[in-house]
Amino acid sequence: RFHHTSTSHWCSCSKTVSDEKYQDPFQLGKKDLKNLYEDIKKELLVSAAELKEMCDYYFDGKGKAFRPMIVVLMARACNIHYNNSKEVQASQRSVAIIAEMIHTASLVHDDVIDDANSRRGKRTLNQIWGERKAVLAGDFILSAASVALARIGNTTIISVLTQVIEDLVRGEFLQLGSKENENERFAHYLEKTFKKTASLIANSCKAVSILGCPDPKVHEIAYQYGKNVGIAFQLIDDVLDFTSCADHLGKPTAADLKLGLATGPVLFACRQFPEMNAMIMRRFSKPGDVERAWKYVLQSDGVQQTTYLAQRYCHAATREIRKLRPSPEREALVHLTEMVLMRDK
């Protein structure tokens, strides 16, 4: 239902916060994320030298900490909304740490499933240590995240964040399947996108809102913001697979096509080039399929339509977060939606 949207509707998207004081989310969240990776390494205390080396490999402090940053900003925005408290609680910061651990564990497992050889511009764990050890390292990071989660001592928070792990598994199974019907296929893709990417952000935001404010309406605002930003983030990621060079993205381009995945740009392109249907159903497995699909996508408006769709999700996220009391953190979360749309890696 999104592909008929006119371009004029989106021309003002970059002016969302033009009248507001500019807030850099990364600067605002920096104080609460200080020593984040050191604290994660403390959660991963292990005597086996090789396992420690594997766990430390991705927690090297060079990541942007995008998810923890959203979580601490949401924590502050909800705390200010409820009782004007400007401090992040220790339990809320723990949620940010746990979110990054779950995310990283999922990347380790994804790389094994996809037989990927690069991630964030460096070799994957499975390439260096082998698949079996990589799976075990991912399991270990997840188990350490579960211990940290239990230490928070709140059964509601445990329930909210374990939902993320269930969604990650269900999302991976969805990604392994295809739908014959075109409309079902797009719904399938968006559900997979939510479970694999957005659920972590949505439920982490919800968790910190529960810890900071008793109002269920605020919990829903936090959840919806995280859900919409998370889906938009993945949609732009899928666009970058067609538009960004490998150096920028930190992974080879056309990676999704090579894995047999039909993402947003492909599904939109299929409406203009129905001959892609057969390629989608055989998961681009015949010689020349990947190259032909790539050309079809770039000849179509698939990239543009996927970007429009991401903009819609970002607008929905902005609408939600503006229901909270004004604060620098709220404005930073608004600005973050623009950063998601404008990113090139």
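Guide: Happy to! The second largest cavity is lined by Ile98, Ile102, Leu142, Ala145, Ser146, Leu149 and Ile165. A cavity here is a set of points, on a 1 Å grid over the protein atoms alone, where a 1.4 Å probe fits but cannot get out, and lining residues have an atom within 4 Å of a point. Helix H5 (90–114) and helix H7 (131–152) are the elements that give two or more residues to this lining, and H7 provides the largest share, 4 residues. Helices (H or I, at least four residues) are DSSP runs, as are strands (E, at least two), and both are numbered from the N terminus.

A word on the source: this is a predicted model, in which local features need pLDDT of at least 70 and side-chain atom pairs count only at pLDDT 80 or more, while totals for chains, interfaces and linings use all residues. Residues are numbered from 1 along each chain as its sequence is written, and side-chain values use heavy atoms, with hydrogens and water left out.

Back to the second largest cavity: its lining divides into 6 nonpolar residues, 1 polar and no charged. Ala, Val, Leu, Ile, Met, Phe, Trp, Tyr, Cys and Pro count as nonpolar, Asp, Glu, Lys and Arg as charged, and the others, Gly among them, as polar. The space inside is about 30 Å³, where a volume is the space filled by probe spheres set on grid points that are joined across faces, edges and corners.

Of the 16 residues lining the largest cavity, Gln175, Gly177, His188, Leu261 and Ala262 are the closest to its centre. Helix H8 (155–175) and helix H9 (182–212) each supply at least two residues of that lining, with the largest share, 4 residues, coming from H9. By class, the lining of the largest cavity has 6 nonpolar, 6 polar and 4 charged residues.

Let us return to helix H5, which also contains Asp111. Asp111 counts as buried because its relative accessibility is 2%, and buried means under 20% relative accessible area (1.4 Å probe, protein chains only). Apart from its neighbours within four places in sequence, Asp111 is in contact (heavy atoms within 4.5 Å) with Tyr58, Ala116, Arg119, Thr124 and Asn126.

Stepping back, the protein has 17 helices and 2 strands, and buried residues make up 55% of its 345 residues.

Terms used. On a 1 Å grid over the protein atoms alone, a cavity is a set of points where a 1.4 Å probe fits but cannot get out, and a pocket is an open set with protein on both sides within 12 Å along at least five of seven lines; lining residues have an atom within 4 Å of a point. Buried means under 20% relative accessible area, exposed over 50%, partly exposed in between (1.4 Å probe, protein chains only).
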